[in-house]
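Please look over the sequence and the model, then work through the points below.

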Amino acid sequence: MKKSGLLNPALVHAVARLGHTDTFVVADCGLPVPHDVEIIDLSVVFGIPRFRDVLDAILIEVVSEGGIAAEEVRGRRADQWITDQVSPVEYVPHEELKKLVADASFVVRTGETTSYANVIVRCGVPF
């Protein structure tokens, strides 16, 4: 058994496959995901698990060189959750963000119900 870090087998596998410039999404429970993008669905009920908890856990194991969030998140609670962990953040209209999800390696669906709690994370390298 793993001693620490991510425990969900599908998430561990997906994170281990990431390379420089690959993207993945941490999303609220309502973000539409194209059928050909892998979904790692962690949602249990509304609010569990929380977006911030999932993002924090993943970013302990992943190098981020930036991200993309919806313009509509600015000034909302979720904006602070995103900017606390991902920098720099580019903002695009929510409709454009939904289109960009199609290029992601995978989407992690949380139980989050806070509006616009979605971020596309671009992977960096540790050297």
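This is a predicted model: local features need pLDDT of at least 70, side-chain atom pairs count only at pLDDT 80 or more; totals for chains, interfaces and linings use all residues.

Residues are numbered from 1 along each chain as its sequence is written, and side-chain values use heavy atoms, with hydrogens and water left out.

Q: Is Arg 109 buried or exposed?
A: Arg 109 is found in strand β5, residues 106-109. Strands (E, at least two residues) and helices (H or I, at least four) are DSSP runs, numbered from the N terminus. Buried means under 20% relative accessible area, exposed over 50%, and partly exposed in between, with a 1.4 Å probe and protein chains only. Because its relative accessibility is 18%, Arg 109 counts as buried.

Q: With which side chain does the side chain of Arg 109 make a polar contact?
A: A polar contact is a pair of N or O atoms within 3.5 Å; within protein, one must be able to donate a hydrogen and the other to accept it, and residues adjacent in sequence count only if both atoms are side-chain atoms. For Arg 109 the distance is 3.2 Å, and the partner is the side chain of Asp 41.

Q: What is the bridge partner of Ala 27 in β5?
A: Two strands pair if DSSP finds at least two bridges between them. Strand β1 (residues 23-27) and β5 pair in the parallel sense over three bridges. The partner of Ala 27 in β5 is Arg 109.

Q: How many bridges join strand β2 to β5?
A: Glu 38 has Phe 106 of β5 as its bridge partner. Strand β2 covers residues 38-41 and runs parallel to β5, and the number of bridges joining them is four.

Q: What arc do the buried residues of helix α3 cover around the axis?
A: In α3 (residues 77-85) the buried residues are Ala 78, Asp 79, Trp 81 and Ile 82. They lie on the same side of α3 because the arc they cover is only 160°. The arc is that of the directions from the helix axis to the C-beta atoms. The value asked for is 160°.

Q: Which residues is Arg 76 in contact with, leaving aside its neighbours within four places in sequence?
A: Arg 76 sits in the loop between β3 and α3. Its C-alpha is 8.5 Å from that of Ser 115, although the two are 39 residues apart in sequence. With contact meaning heavy atoms within 4.5 Å, the partners of Arg 76 are Ser 115 and Tyr 116.
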